[in-house]
Amino acid sequence: MLYYLIQILIFQTLFLIIYDILHKKDTFFSLNRTYLLFTSTFSLVLPFIKIKSIKQVIPEEYIINLPALFANTSKTDSALYSKIYVVLENHWLGIIYILGICLSIILFIVKVYQFKKLKKSSVVKFPNYKLVLLDNSTEAFSFWNTVYLGTLLSEDKKAQILIHELVHLKQKHSLDLLWFELLKIVFWWNPLLYVYQNRMIALHEYTADAIAAHSIGKKMYYKQLLNITFHSNNISFTNYFFNHSLLKKRIIMLQKSKSKTVARYKYLALIPMIISMILYSSCFNEDTPLKEDTTASEKSSSAEAKAIPFMKLDTPPAPQNCVGLSDPDALRKCASEEIKKYVNVNFNVEGMKSYAKPGVNKIYVRFKIDKTGNITNVQARGPAPELEEEAKRVVSSIPQMIPAEHQGKKVEVAFSLPITFAIQE
């Protein structure tokens, strides 16, 4: 899950950078709207698009992820610590994520309540929209198929603003903003969604300004924008006419000449970018050194019996005690159990207690079994340097093994082994 979230941030950052550099100042408002909607959505799907043939060609080594080892002498304690680990290491992230969604929903409800509590003096229904007048207000905004205008606005202002807001209604800009509100609820941790929504709000205003100015005349429209009285609640899923932060940008955009047709070809830059992202996603291997996401194999003993290699080996590496087994699955199971048994017996739990933190401690170990069957390239990461050194010492001392073979050749294999033990508080 963590890798998926990281990739979303990477992809959306790149899409926004390209938008700001190549498209933000162009007058292709419809294309820019499509760009923002497409990239904000497609970035959520991209991490799942993987070309298997690419991923199979690039790796030069085989990786076997061993189930987590609970370094304890008591089976009861091991089962207990396993449950503690699952609760602490897995569920707390899920709990925080759900709490974030709940808080985001509450904030959205507050916005809706703020929107609903506006005092209305009258509602006028037209064939394609409704006009709501707000008591003692200078506000002006639109949402869905309704335009809201304050009664304190002059009739001239109301007429000009109405032309502007009807553009929002006709082009269904509310759907765009509601889409980003939904994304902000589900992906509340992602600050880039606020950037996306701000870009979209600005784009909506540029679009409505261009059409309204064409109907009224640019000179009159400029004058109206410069003489407006700013007063609004700026609810994020509504289109507000009085947006102080955008005023200067709107006037600058109104003064721009239409972008040349040839500038449309800049959107073709999306093609190599998307191809690069798919290649990255295809090559993005969650089984990186000192991999943390190993919880799937820790949840049951059946998962422990299925230590599946990254690519199916003809003969997986095996300890000397596993000699005589011909079935690859049996060899994998035997190798997994023998390695875990050796580490469990030789890991100095008592000596490491003074360096460990209270509660669950986890050391991520990555090592290789080379073409001669020797342990090499041992790496470790844990809560303390002493724990890392102990893990490397134990793994390095594993006796020479029978090397793996694939297509008649001896091959090097990488192993990932989480070592977990707990210190009672």
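These legends describe close-up views of a predicted model.

**Figure 1. Overview of the protein chain.** The chain holds 14 helices and twelve strands. Of its 425 residues, 48% count as buried. Its accessible surface comes to about 22200 Å². Carbon and sulfur atoms account for 61% of that surface. Among contacts with a separation of 6 or more, 73% join residues 24 or more positions apart.

**Figure 2. Glutamine 12 and its surroundings.** Glutamine 12 sits in helix 1, which spans residues 2-23. Its relative accessible area is 0%, so glutamine 12 is buried. Which residues does glutamine 12 touch, leaving aside those up to four places away in sequence? They are Ser40, Ser43, Leu44, Asn190, Leu192, Leu193 and Tyr196.

**Figure 3. A salt bridge between aspartate 20 and arginine 199.** The structure holds 14 salt bridges. In one of them, the side chains of aspartate 20 and arginine 199 meet at 2.9 Å, N to O. Aspartate 20 belongs to helix 1 and arginine 199 to helix 7 (residues 192-216), so the pair ties together parts 179 residues apart in sequence. Aspartate 20 counts as partly exposed, at 29% relative accessibility. Side chains of opposite charge can pair when their charged atoms come close.

**Figure 4. A salt bridge between glutamate 205 and arginine 250.** These two side chains meet at 3.8 Å, N to O. Glutamate 205 lies in helix 7 and arginine 250 in helix 9, so the bridge ties together parts that are 45 residues apart in sequence. Are the two residues buried or exposed? Both glutamate 205 and arginine 250 are buried.

**Figure 5. A salt-bridge network at Lys111, Glu181 and Lys184.** Salt bridges link these three residues in a network. Within it, the side chains of lysine 184 and glutamate 181 meet at 3.1 Å, N to O. The two are three residues apart in helix 6, so about one helical turn separates them. Lysine 184 is buried, with 7% relative accessibility. Glutamate 181 is buried too, at 4%.

Figure 6. Most residues other than glycine have a negative phi. Tryptophan 144 is not a glycine, yet its phi is positive, at about 60°. Tryptophan 144 is placed in the loop between strand 5 (140-143) and strand 6 (146-150). Its relative accessibility of 48% makes tryptophan 144 partly exposed. For lysine 172, phi is near 55°, again a positive value in a residue other than glycine. Where is lysine 172 found? Lysine 172 is in the loop between helix 5 (155-170) and helix 6 (173-186). With a relative accessible area of 52%, lysine 172 is exposed.

**Figure 7. A patch of positive charge on the surface.** Lys24, Lys25, Lys249 and Lys256 gather here. Lysine 256 is in the loop between helix 9 (247-255) and helix 10 (270-283). At 34% relative accessibility, lysine 256 counts as partly exposed.

**Figure 8. A nonpolar patch on the surface.** Ile51, Val262, Tyr265, Leu268, Ile271, Ile275 and Leu279 form this patch. Together they have about 680 Å² of accessible area. Tyrosine 265 is one of them. Its place is in the loop between helix 9 and helix 10. Tyrosine 265 is exposed, with a relative accessible area of 58%.

How values were computed
Residues numbered from 1 in each chain as written. Predicted model: local features only at pLDDT ≥ 70, side-chain atom pairs only at ≥ 80, totals over all residues. Heavy atoms only, no water. Patch = residues over 30% accessible without salt bridge, like charges linked within 9 Å, V, L, I, M, F, W, Y side chains within 5 Å. Areas by Shrake-Rupley, 256 points an atom, 1.4 Å probe, with all protein chains shown as cover. Salt bridge = Lys/Arg side-chain N within 4 Å of Asp/Glu carboxyl O. Lys, Arg positive; Asp, Glu negative; His and termini not counted. Charge placed at Lys NZ, Arg CZ, Asp CG, Glu CD. Helix = DSSP H or I, 4+ residues; strand = E, 2+ residues; numbered from the N terminus. Buried < 20%, exposed > 50% of the residue type's maximum accessible area, 1.4 Å probe, protein only. Contact = heavy atoms within 4.5 Å.
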